[in-house]
Amino acid sequence: MDEKPEFEVFELKDAKTVPDIIHPYTSDLKNGHVPIVIDNGSYNCRVGWATHSKPCLVFKNLVAKTRKERGKKDGELQVGNDITNLEAVRFQLKTQFDRNVAIHMEVQEQIFDHVFFHLGIDSEGSVNHPIVLSEAFLNPNFSRQSMSELLFECYGVPGISYGVDALFSYHCKEEGNLQRSQSGIIINLGYHTIHIIPIIDGVVDVAHARRINIGGFDVTSYMHRLLQLKYPVHCNAITLSRAEELVHNHSFLPEEYGLVLNEWSDQDYYDKHVLRIQLPYVAPPAVSSLTADQQKERRKELAKRLVEINARKRDERLAEDEDMLNQLLDVQNLIHSGQEKAFQVKALSSFDMGSEAELVKQIGNLQARIQRTKQKIAAVNSNEDVVSEEPKPKIPKQTALRLRDGEDAGSWLARLRKERADLVEKKAARQQKRQDMSKRRTAAAQERMRIISELAKRDKKEDNFGMRDEDWDVYKAIRRDGGDSDSEEEQERLVEIEEVLRQHDRTFVEGGELISTNPGEAHQLHVGIEKIRAVEILFQPGMVGIEEAGLAETLGYVLKHYSPENQNKLVSNIFLTGGCATIPGLKERLIREVREIRPFQSVFCVNLSRNPILSAWNGAREFANMPNFSKEFMISKDDFTEKGAEYLKEHKASNVFNASPAPLCQPQTGSTEDVEMEIF
């Protein structure tokens, strides 16, 4: 891994996803019945047309239903890239997978709705395109049955072809595995599991394949846990998304884990290779550069502006009240002029009044309000130059804590800090002495025992210990608290000083430490051995309490089941694929591990996929473009109806189909009257 410059600080990207667009559904796609290729991974879902070189949609296989807002019937459903902030809906996230097996079909249906909608498919009632769908190695029949029922019955697809993602990747032409050898071992490092699949002469040996229940999810979770335990104060800021970003961008696998771990114990090596990550933080407000007189003038200006705003509001309110009063007086004049009918119409329509008494009451209230407003305006105009007194700063009651004559603020704060540090140091010394007294072999405890033994040797005829003043010094020397307990006066003094510093010293924090001149340093993560510890669990699952063998140990176990000749065939092409295969250093580490388990000077080859993330989709796309795809490899609707929902057409990249056994018939129980019983 490239060495980073010293003291380089990295910032977290916290990248937000961009919602998927709706792709055009052209006539070539619609009329040509082009297959849809779906790599349904437990981390990412990759979807595209078989005629395209790249998938149209790549998104996380997650669904979130936000909380419903007031006035709406239900919350908004978000799928994949529509979830711009995963941490905001972390506890609402759902997936169709239990580890790497799809079992929650209600979530899978929402995923398919998202896929077909954003592919632009607008056909009525059905999706008229064959589906090439990846599934887990040795996928249970129940999962395949539920998936087929969903696609055939809910979406009306004409056919489905299932294949294993690892085998699709292995048979992809751009990987060149078949040109190297017809035998090999596939190591598929997924998000939840690792599969080791041996292939002998082009045939998958299912009996000796193995699965390790660890993957990228466990790596991310371990990184998350390590950083939260290391920085508990930043527990909320260290999220799973940020831990995942650190794993993707900065983690690596060393060839010699123990050797590199020992190098990190050296301080110089640590300072040179540690990764400094800057967490987001809010900078404290900048200190005002205005002098005391300038601040006083600014407060006067603000107070004057506030007075002007209040005066303007009073004038506006007075004008509104006078206008309303004039309208009410006009209505009252209608009664005086004998126009009672016009009064009823205008009063009821405009002012919602039913009688003259209400009108008179409203006029009286308005006149009183106008009079009060005019009095306030007159009072303000007569005292417009009067400004409220400046609030007096709080002065400590204790004269020793006050600012002395000729002493500036900096010296005053420095004096208080020194006095507080002395008090804290005295308390710490007394605490240390008490701890030493409680231990047997310390110098303080031995001195105490010596004094006690000397007192015990004295003549007991006249026990007058304590009558003299010197005896008190001896008593204090042999007390377990060291003869010097924390006084209430010192504690009160310490509290008073801290209160003054808390009010006047911005750099003071609880515990007596001073804030760094760069506040960002307090929000930095120093990621050292965590970079290699998190990914090391792929080879040592016991580090996180998983009682399974690691990758190298399981690979050695698989090879032991074969003859030396077949072992040489298998190790001639060890093929790495899957999302975790992108971890830097994986190939080199596996070469070292295989060299240790193979005989001396034996030949083997470890090959890393050219594109571990997309090779499965590319292999499935090539498979869908084969001329005999629809006849030989696709399960049609008739096959689904006749042979059952769990039926699978086998091919070179598929699982082996084993029909589920028929359920046992329950014996029919007749009435008790027809049963003859013999009692022995």
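**Close-up 1. L423 is a buried residue of a predicted model, at 11% relative accessibility.** Buried means under 20% relative accessible area, exposed means over 50%, and partly exposed lies in between (1.4 Å probe, protein chains only). L423 is found in helix α13, residues 409-438. Helices (H or I, at least four residues) and strands (E, at least two) are DSSP runs, numbered from the N terminus. Not counting residues up to four places away in sequence, L423 touches E490, R493, L494 and I497; contact means heavy atoms within 4.5 Å. L494 is 71 residues from L423 along the chain, and their C-alpha atoms are separated by 6.9 Å.

**Close-up 2. D201 and K569 form a salt bridge.** Side chains of opposite charge can pair when their charged atoms come close. A salt bridge is a side-chain nitrogen of Lys or Arg within 4 Å of a carboxyl oxygen of Asp or Glu. The structure holds 19 salt bridges. In the one between D201 and K569, the distance from N to O is 3.5 Å. D201 lies in the loop between β13 (194-200) and β14 (203-204) and K569 in helix α19 (residues 564-571), so the pair ties together parts that are 368 residues apart in sequence. D201 is partly exposed, with a relative accessible area of 48%. K569 is also partly exposed, at 27%.

**Close-up 3. R592 forms a salt bridge with E256.** The closest N and O atoms of the two residues are 2.9 Å apart. Because R592 belongs to helix α20 (residues 586-597) and E256 to the loop between α7 (240-250) and α8 (257-263), the pair ties together parts that are 336 residues apart in sequence. R592 is buried, with a relative accessible area of 17%, whereas E256 is partly exposed, at 36%.

**Close-up 4. R592 also meets E596 in a salt bridge.** Here the N to O distance is 3.1 Å. Both residues lie in helix α20, 4 residues apart, which is about one turn of the helix. E596 counts as exposed, at 52% relative accessibility. Salt bridges that share partners join E256, E536, R589, R592, E593 and E596 into one network.

**Notes to all views.** Residues are numbered from 1 along each chain as its sequence is written, and side-chain values use heavy atoms, with hydrogens and water left out. This is a predicted model: local features need pLDDT of at least 70, side-chain atom pairs count only at pLDDT 80 or more, and totals for chains, interfaces and linings use all residues.
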